[in-house]
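Here is a walk through one structure, taken a part at a time. Have the sequence and the model side by side while reading.

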Amino acid sequence: MIEGDPISRVLYIDLTRRRSWVEEQPELFKERLGGTGAAIELLHKECPPSVNPLGPENPIIFAVGQLNGVFPIASKMVAMFKSPLTGNLGESHGGGRSAVALRMAGYGALVIKGRSETPIYLSVHMDEVSFKDASVLWGMGSSATGRVIREREPKPGIRTIMRIGQAGERMVSYACVVTETYRHFGRLGLGAVFGSKKLKALVISGRRSFKFKDPRQYRVLYDEVFNALVTSPLMKKYHELGTSMNILPLNEMRALPTQNLAKSDFECADGISGETFAERYLGRRVACAHCPVSCIHIAAFRIPYETEPYFYKTKMISYDYELIYSLGAMLGVGTCEGILKLIEEVETLGLDAMSTGVSLAWATEMQQRGLITERETAGLKLQWGDYGVYLNAVKNIVGQPTEFYTALARGVDYASSKYGGEEFALAFGGNEMPGYHTGPAAYVGYLVGARHSHLDGAGYSVDEKFAKAGKHPTPEGVAEALIAEEKWRQILSSLVVCYFGRGVYTPEIVARAYNLLGYQLSCEDLVKIGAEILRSKYNFKCREGFDFGKLRIPTRIFKSPTPLGPVTEEFIRESIKHFKTILESAPEG
């Protein structure tokens, strides 16, 4: 047990009235653990039904879990809100120092309500909450904002600085929140919700420390988890190449979406592989707080001055698989240089890279088919591989010089409903697709997942297991595998543990950790709580209009065979039906 653990303290901040207060909610963190479990209950309570996602009534919930700051790789913080992209549940996980900062500041959760009349940024230093003028920061990119706040705020090294770029200010539906420069609350538009509240940034710092009642047993379990993580072959790969190691294997399997999924392999894959990035550009690796893996890969990208020979400015740009997929293969960009330039622009503006790349891929095909012209694209001729043109198109998504870009700023699902091309608009449940064309489980996961992400149920992993076993998946088998994985993922995201460590944080290890913290929970108890949290998330989604029976499936995914063969609509619909049946048989949340 941790003496004086402040995990049950919830900090409320009202931007409209510029006031803050703390409420003790021990039962919330006892029954729902923290993280995702606590956040979804707070969202149910604080978000009125059918509110405008960009209205003042939509709250932002941040939550950490019991293991944050206590055990290795428990390094993530959960954000929940109503998503301006999908219109229902917005859930995003961010790393960096955000989780440790909130926990050491003395809180288990933070609820931000209301809307400021003028641009502000918030600083939370332990029990001191300040509302600070951000008028001079409004209009700045995410990097410049971070630099200014780093100089103005105290307590460097133990603080997190979360901020938005111009995309958030313009309320682009897939704007992200950047934290510690290289980490993000990336998907589903948290940056737009920040912008709607005139909230430019949030700074949190804390200096608390924890004292265990039984420090010897804590040290034994800590060492066991730490050693399992650092000796794992998978973690070694994450450290060496990072997730970009997936480019070549997925390309070889013909599972790498390319040029708006007109193809599933890319002739330039070698030129943008994790190996090529590491050999030519890797400058350093960094880690989230309290993580021994150090999977964040940073490219040192030298850019020559136009008028000074042999003089360069060096930019440090983070990269990983999803960015290389979405701004590389998906757009036909086959050079590291082109991808790094696009990543830098997306970072500065504060956009979600996946949604941006998929939206531009759809726009490219629309123009090539003659369904839109250069009048819609503000004079740009979008062509596969032309990263210079795409750089301008990214800026236009934020600047919105035409009605077409205004539509594109609301996501490809909305843009295609207005301009056509829905059959090749690759959004699932309203969210642009991740980079895995591995088989039916991946697509069922994108469609039915709470976040419509590859992180919901890990469908790509389910597909790979079927492929390795030489088995043909069934609709029922896919649904059952996704649900089983999802129930346990709710526990990991309530702790809040990075999913990279899911092989180490087994039910037995988690139960032992909870017992050390003073909670008597068995493995069966944890699985039951996971099912309840999952059900609670779908209750919120359905309350806000999500409907399993009305999911749009882009027919493009049926045109290109996966490693498990062609995917059919009949299979997908049957699996969705089975997923819904299993979910509704779970306990009420």
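In which crossing, left-handed or right-handed, does α19 pass α22? The crossing is right-handed, a term used if the near helix is turned clockwise from the far one by less than a right angle, with anticlockwise giving left-handed. This is a predicted model, in which local features need pLDDT of at least 70, side-chain atom pairs count only at pLDDT 80 or more, and totals for chains, interfaces and linings use all residues. Residues are numbered from 1 along each chain as its sequence is written, and side-chain values use heavy atoms, leaving out hydrogens and water.

Helix α19 covers residues 475-495 and helix α22 residues 569-584; helices here are DSSP runs (H or I, at least four residues), numbered from the N terminus. Their axes come within 8 Å and cross at roughly 45°. That angle makes α19 oblique to α22. Residues of α19 including Val-478, Leu-482 and Ile-483 meet residues of α22, among them Phe-571, Phe-579 and Ile-582. By class, this contact of α19 with α22 has 9 nonpolar, 2 polar and 3 charged residues.

Another place to look is Gly-411, in the loop between α15 (403-408) and α16 (412-419). Gly-411 is buried, with a relative accessible area of 1%, where buried means under 20% (1.4 Å probe, protein chains only). Leaving aside neighbours within four places in sequence, Gly-411 is in contact (heavy atoms within 4.5 Å) with Leu-85, Tyr-174, Ser-359 and Glu-432. Gly-411 and Asn-431 are 20 residues apart in sequence and 7.6 Å apart in space, C-alpha to C-alpha.

Key:
Axes are lines fitted to C-alpha atoms, for helices over the stretch in contact, and angles run from 0 to 180 degrees between N-to-C directions. Helices (H or I, at least four residues) and strands (E, at least two) are DSSP runs, numbered from the N terminus. Angles under 35 degrees count as roughly parallel, over 145 as roughly antiparallel, 65 to 115 as roughly perpendicular and the rest as oblique. Ala, Val, Leu, Ile, Met, Phe, Trp, Tyr, Cys and Pro count as nonpolar, Asp, Glu, Lys and Arg as charged, and the others, Gly among them, as polar. Buried means under 20% relative accessible area, exposed over 50%, partly exposed in between (1.4 Å probe, protein chains only).
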